[in-house]
Amino acid sequence: MFRILKFLTEYRNLVYWFILQLICFIIIINYNNHQRHEVGDNVLLLSRKMQSGRANVKKYFNLDTENQILKEENLVLHQKIEYLKSRLNYTEGILRLDSNKITAFDTSKIQKQFYTYIPCRAINNTTERNYNYITMDKGSDDGVKVGMGVISPRGIAGRVIRVTKDYSLALSMLNLNFKLSAKDSRTGNVGMYEWEGGSSRFGYIKYIPQEVEIRIGDTIVTSGYSSVFPEGFIIGVLSDNKDIKGGFYKARVALSTQFDAIQDLYIVEAKHRVVVDSLTLDLPQ
Amino acid sequence: MNLTINKLAALIAGGFLFMFFQLYLVNHLILFNTAIPFIYFLFLFMLPVNIPAPVEFTIGFFMGLLVDIAGVSLGINASAIIFALGVKRLIIPFTISSGVRETGDLALSSQNFFWYFTYLLILIFVYNTVYFMLEAFSFVNFGYTLLKIVASTVYSFFINYLICVTFYKK
């Protein structure tokens, strides 16, 4: 303390000079629009760069896991191809049997692609809060709009709520406000996915009627009712015994997306969403 | 510090005169929208050297702020003048003669011609550099900023040297 005082008295001219310069600088930034904007822009740019840089480093260290996930995804796709091939053979067989049906087939409807996917990267993501969000490096310039779904290679991840020119922000599935129509893929019964805070690996499915028998190990997928996500995208697996409350099940779901290792994502664009949603407008409640 | 009442009164009157001419005359003598002249800082550069630094800085701060208020750039002149006064405090002790050190008076004949030339040129250049860098506040279009600095330095130096020769005789 004494030393500090001694320093201050010894260099009091310099200290006073410095204080005056500081006051001038504060005045300049507070009362001049141009200078204030220059400072503001640079701070913003710096924080963006830091976020991007951090994401890059994280990406490098996660390459192994990423590779593993891609392999798994590849495997699933191969299986799907095989399954579709067999279905195709089967259908072609039927068509060959009944050649009249070929003319009845409206090919334009088959080729209509309902969903397109915008690949993107997460540059910021939280899992530890009650309201978690994912920031992505694609924005309105790339066609992202508010309300689109976000999926990871392993499963559903969130829904876009804010869009700027180059970036977008998604409500993570790990957010108390996130709700999603989901169904048990084995029985086909529809419930509601919700998160209740806590672990980033588990969510809940609710409002499945008590009469239906659901089992541990059942796969929970999107119902396709919301027209945000395509039907049948995986959410998770029933991991825990279920509670029954007021005639409905509430069961714990082990999420298939690894939220603490989120990196490459796809934003789902549902081309028919506007049309489908417009059907339900102005209905009597 | 051996300031008599007369000297002090003359100094204060000089300060007001410099501000008056700065605000009502020199501020309107801008050349080609590029070279901006200042004269008020000559008053501060030529203050007796034995005035305490905080006093000098405070006077400079308020004079700069006044010029700022008259213009449109709040704080820029004040920052530049305080910076230049800091530089003045750095170079004064090493360069003045013993005569000046005793009387504190920087009148024209107390130092040689070359000293005044470099002294004013350095301080005016420092002042203009800080001023125009703060005005631009970025390195975009740096060539134009540099042109403004050089042109204003030459212009201001010319005017200030004339004033110096005319009014700061012993």
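This is a predicted model: local features need pLDDT of at least 70, side-chain atom pairs count only at pLDDT 80 or more; totals for chains, interfaces and linings use all residues.
Let's start where the chains meet. How much area is buried between chain A and chain B? About 1,600 Å². Carbon and sulfur atoms give 71% of that area. Chain A brings 16 residues to the contact, and chain B brings 21.

What holds polar groups together across this contact? There are three residue pairs in polar contact between chain A and chain B, both residues at pLDDT 80 or more. Salt bridges between chain A and chain B number zero.

Now the chain A side. The largest share comes from α2(A), with eleven residues. By class, this side of chain A has ten nonpolar residues, five polar and one charged.

Next, salt bridges over all chains. The count is ten. Let me walk through some of them.

In chain A, take A:R186 and A:D218. Their side chains meet in a salt bridge, 3.0 Å from N to O. Where do the two residues sit? A:R186 is in the loop between β6 (179–184) and β7 (190–194), and A:D218 is in the loop between β8 (202–209) and β9 (219–222). They are 32 residues apart, so this pair links distant parts of the chain. A:R186 is partly exposed, at 38% relative accessibility. A:D218 is buried, at 6%.

Chain A also has a network of salt bridges. A:E194, A:E196, A:K206 and A:K250 are linked in it.

Over to chain B. B:E56 pairs with B:R89, with the closest N and O atoms 3.1 Å apart. Buried or exposed: which is B:E56? Buried, at 0% relative accessibility. B:R89 is partly exposed, at 26%.

Another chain B pair is B:K148 with B:E135. Here the closest N and O atoms are 3.6 Å apart. B:K148 lies in helix α7 (residues 142–167) and B:E135 in helix α6 (residues 113–136), so parts 13 residues apart in sequence are tied together. B:K148 counts as buried, at 15%. B:E135 is partly exposed, at 29%.

Last, cysteines. How many disulfides turn up in the whole structure? Zero, over all chains. A:C24 is buried, with a relative accessible area of 0%. A:C120 is buried too, at 6%.

Technical notes. Residues are numbered from 1 along each chain as its sequence is written. Chains are lettered from A and ligands numbered from 1 in the order in which they are written. Side-chain values use heavy atoms; hydrogens and water are left out. Contact means heavy atoms within 4.5 Å. Buried area is the accessible area (1.4 Å probe) that two parts lose on being put together, summed over both. A salt bridge is a side-chain nitrogen of Lys or Arg within 4 Å of a carboxyl oxygen of Asp or Glu. A polar contact is a pair of N or O atoms within 3.5 Å; within protein, one must be able to donate a hydrogen and the other to accept it, and residues adjacent in sequence count only if both atoms are side-chain atoms. Helices (H or I, at least four residues) and strands (E, at least two) are DSSP runs, numbered from the N terminus. Ala, Val, Leu, Ile, Met, Phe, Trp, Tyr, Cys and Pro count as nonpolar, Asp, Glu, Lys and Arg as charged, and the others, Gly among them, as polar. A disulfide is a pair of cysteine sulfur atoms within 2.5 Å. Buried means under 20% relative accessible area, exposed over 50%, partly exposed in between (1.4 Å probe, protein chains only).
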